[in-house]
Amino acid sequence: MPAPIRLRELIRTIRTARTQAEEREMIQKESAAIRSSFREEDNTYRCRNVAKLLYMHMLGYPAHFGQLECLKLIASQKFTDKRIGYLGAMLLLDERQDVHLLMTNCIKNDLNHSTQYVQGLALCTLGCMGSSEMCRDLAGEVEKLLKTSNSYLRKKAALCAVHVIRKVPELMEMFLPATKNLLSEKNHGVLHTSVVLLTEMCERSPDMLSHFRKNEKLVPQLVRILKNLIMSGYSPEHDVSGISDPFLQVRILRLLRILGKGDDDSSEAMNDILAQVATNTETSKNVGNAILYETVLTIMDIKSESGLRVLAINILGRFLLNNDKNIRYVALTSLLKTVQTDHNAVQRHRSTIVDCLKDLDVSIKRRAMELSFALVNGNNIRGMMKELLYFLDSCDPEFKADCASGIFLAAEKYAPSKRWHIDTIMRVLTTAGSYVRDDCVPNLIQLITNSVEMHAYTVQRLYKALLDDISQQPFVQVSSWCIGEYGDLLVSGQCEEEDPIQVTEDEVLDVLEGLLASNLSSPVTRGYALTAVMKLSTRLSSVNRIKKVVSIYGSSIDVELQQRAVEYNALFKKYDHMRCALLERMPIMEKAAANGPTETVQTNGEAEPAGLEPKHPPTIIQPANQANDLLDLLGGNDVVPVISTAPAMKPASAGGELLDLLGGLSLSAPTPAPPIPMSQPPFLLDGLSSQPLFNDIATGIPPMTAYNKNGLKIDFTFERSNTNPNIAIITIHAANSTEAEMTNFVFQAAVPKTFQLQLLSPSSSIIPALNQGPVTQVIKVLNPQKQQLRMRIKLTYNHKGSPVQDLAEVNNFPPQSWQ
Amino acid sequence: MQFMLLFSRQGKLRLQKWYVPLSDKEKKKITRELVQTVLARKPKMCSFLEWRDLKIVYKRYASLYFCCAIEDQDNELITLEIIHRYVELLDKYFGSVCELDIIFNFEKAYFILDEFLLGGEAQETSKKNVLKAIEQADLLQEVRLGGGLFFLGFNSFH
């Protein structure tokens, strides 16, 4: 059998292949040759064959049949074999395969080999890919080598120990004694790897960290080494562009960061050296800037004095002006981290940051955008918004959604005037209207509703913009909603803010009908448009035209649209007397606590805090007498009235059907439909989300007995909502231990003002006797301010022919239910 | 560092060093995606990008891209220096290194890398020391270990 071809020859041959197929053929041929050569157990050429296999593996071809051969090479006495064998092991084997464990013995032997380069191979392989089992077996050997005086081996052992600790953290203790005099080494390799090892240990274990701080006095040692590096003259061996061993400097600074964080003494001990590095490091090349970067990160993380912090931020500010885009990128990233804590200092660099919005690099633009939003406050809002809107116009689509959301948030917080706010919203809607997030639409609608004096202006501007472009769905949705709501203002031509336009009723309806018919409109948008048309029936006089439109869509293929049209039709035919009331102008909406930032007191650097004070919960007044009305008892103002949804028995009367009508309108739409007041969006949306509302897994909130009198026992069990952590879901279980059943059972509840309550339908209004099956009912409590939950309950039922009524206070809620 | 990849402008892999345990399939997937992402970058863009939960540092030297994946707490700028140091080592060893050197001597490129980095961290910060170690190790290839001379001839498997 001819000798297997040499590696170089194989590479050359394969590179002559002109097509993928040709290459595959060559590879397959050679693979077969290698396989048979392996089968012959040939020692001479094994190394050559494995090397070829590794090349083929790099091209993407299978090489698993060479795994065992690698092990044989490792066991060989030839250095060449070992070298290729270990390389093969690192490339072809991974810890998932049992095969790799066979290496353990070889590695153990090689760790004790007489030639340091063999020991080096073993340490390298172990430190690169050793599994936990291997690390456990060989940790002792590594620890021994960590104490050797041979610096070539010592440095490798240190990094190998790092790997062992990462794989088997419990073994960390074992390396502690060996670290004792690591830092007194002169050899930079050992110093560098020792610092890495110490860093790993300090990061993993707080005990180790305090040990190194206090007992070993690590900080002074590190400071000394760093000082020597900076002060010492030119050392050719470690010099990089005039800086002595930047790699070591950076690692030392990183370790100092960990040691100084949260510790006053350590931070103070390193103050001087940090100032020295920050001021003396050459900034003309990347190397110097790398060290400065690490220094800034350290200064910001430890308990440094304010002068040093300002120095750090100024370094970042200088970075922002650097020609090198990498430096600018790194500066923006760091500033983003510090903007919360050192806000004023960062504000000083605002104009440079805003300039970075125009940078060509995507990552830099994104950072600059995030930072800009963090820096917006009441003082700079106008200027900043101009820049941000310009950015929104010109940026890539991947940014637009985030930018739009950010602009809305900033505008909401700091708008100098309502008109400015509306203008800004409209600018965003018209320029980036299709990228606006879906959840912004209800927020915007709410905003517009609450800006009462701007209604005419808003609807007019939206209408004009709609004439130009109906493709951007979120924009169209907001516009059609506004037209539906304020169409009368539009037609009557009242507008104070700008010249009113002449619009006829037919033109308005044309536009809305156009939306309904257009291919560009999504089903959701069509829903909005139809509802808007309906609303106009009470605001405009073209009722007949509206009736026609509504009846056409009664046979629409779109089920949602069809349902709406049918119900609106019903409104015209049977419930015309209710139509006006139902389609009345929307009242000002209470901003749902869960949606907006109610608890943040972030001031963004303004002179006086714009903060929102958390409301103090009113105390529940103890009544002296018992009246029928629950609300009266608790002194009206303090209590949010309970809203029970449809009772257990649906009466066949017109009233019942009306409830169905409303129920149908509110709960079927994926987006909130106007007729139901939006003061409780979390609940409505909760009901609409496709996720399960309740945690299937027990949350561990203990149940409690809320009421137990006259044979009626009511227990509460608790769960947390999946969709909103501020909502607690209470299920009441009402059981009747008497011999007669309790009929017409009604459970009512009231809570303090800061809560909101929703009752769902009970399972039944009859509680069977003798504890046979309790009646259950679900209560949802929204508690955004995490106040202590209290409840007053009222129970009415018929028992043995006579009506019973009782009131009780429930105060013994377990803390986990409201915290 | 979690891994280092070297690839050509056509996307052909020239070296792959993984410091985290991953299956062959996962490695291939990551390589494919990352190569695509980096090759799509325009020359004016910076050397850093965020990819999954890692930071990617890459630099092009002639026809080869050197690409490292580092963790959140690692320093990007010093990683650029690490890449540069590796290129310098290759350059010194091969004498004005070019892509072909790395193609035909890929195992040597690995050996040099393994004398410079271990487990993703630099083990030796002196250029001289790394090159000396490689030199000595290369000499060992000519001897049978444990006594008895048996010259195989340098790089006999080539």
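Here is a walk through the structure, starting with chain A and then moving to the sheet of chain B.

This is a predicted model, so local features need pLDDT of at least 70 and side-chain atom pairs count only at pLDDT 80 or more, while totals for chains, interfaces and linings use all residues; side-chain values use heavy atoms, with hydrogens and water left out. Residues are numbered from 1 along each chain as its sequence is written, and chains are lettered from A, ligands numbered from 1, in the order in which they are written.

Let's begin with chain A. Its secondary structure comes to 34 helices and 12 strands; helices (H or I, at least four residues) and strands (E, at least two) are DSSP runs, numbered from the N terminus. Of its 819 residues, 55% are buried, where buried means under 20% relative accessible area, exposed over 50%, and partly exposed in between (1.4 Å probe, protein chains only). Take the contacts in chain A with a separation of 6 or more, and 68% of them involve residues 24 or more positions apart; a contact means heavy atoms within 4.5 Å. Chain A exposes about 35700 Å², with carbon and sulfur atoms supplying 51% of that; such areas come from the Shrake-Rupley method with a 1.4 Å probe, and for residues only the protein chains shown count as cover.

Now zoom in on helix α4 of chain A, residues 67-75. Its buried residues are A:Gln67, A:Glu69, A:Cys70, A:Leu71, A:Leu73 and A:Ile74. What covers them includes α2 (20-39), α3 (46-59), α5 (79-92) and α6 (103-111) of chain A. A:Gly85 is buried, with a relative accessible area of 0%. Leaving aside residues up to four places away in sequence, A:Gly85 touches A:Cys70, A:Leu73 and A:Ile74. A:Gly85 and A:Leu73 are 12 residues apart along the chain, and their C-alpha atoms are separated by 4.7 Å.

Next, the rings. A search of the whole structure finds 14 aromatic pairs over all chains. Rings of Phe, Tyr and Trp (its six-membered ring) pair if their centres lie within 6.5 Å; planes under 30 degrees apart count as stacked, over 60 as edge-to-face and the rest as tilted. One of these pairs is A:Phe745 with A:Tyr797, tilted, at 6.5 Å centre to centre and 45° between the planes. A:Phe745 lies in strand β8 (residues 742-752) and A:Tyr797 in strand β11 (residues 791-799) of chain A, so the pair ties together parts that are 52 residues apart in sequence. Both A:Phe745 and A:Tyr797 are buried. Chain B has an edge-to-face pair, B:Phe66 and B:Tyr86, at 6.2 Å centre to centre and 75° between the planes.

Strand by strand, β1 (residues 3-8) is joined to β2(B) by 5 bridges, and B:Leu5 stands opposite B:Gln16 in β2(B). Between β3(B) and β4(B) there are 4 antiparallel bridges, with B:Leu49 partnered by B:Ile56 in β4(B). Their hairpin has 2 residues between the strands, and B:Arg52 takes a positive phi near 50°. Then 7 bridges join β4(B) to β5(B). This hairpin also has 2 residues between its strands, with B:Ala62 in the turn at a positive phi of about 55°. Since 6 of the 8 residues of β4(B) are buried, that strand is largely enclosed by the rest of the structure.

Note on methods
Pairing = 2+ DSSP bridges.
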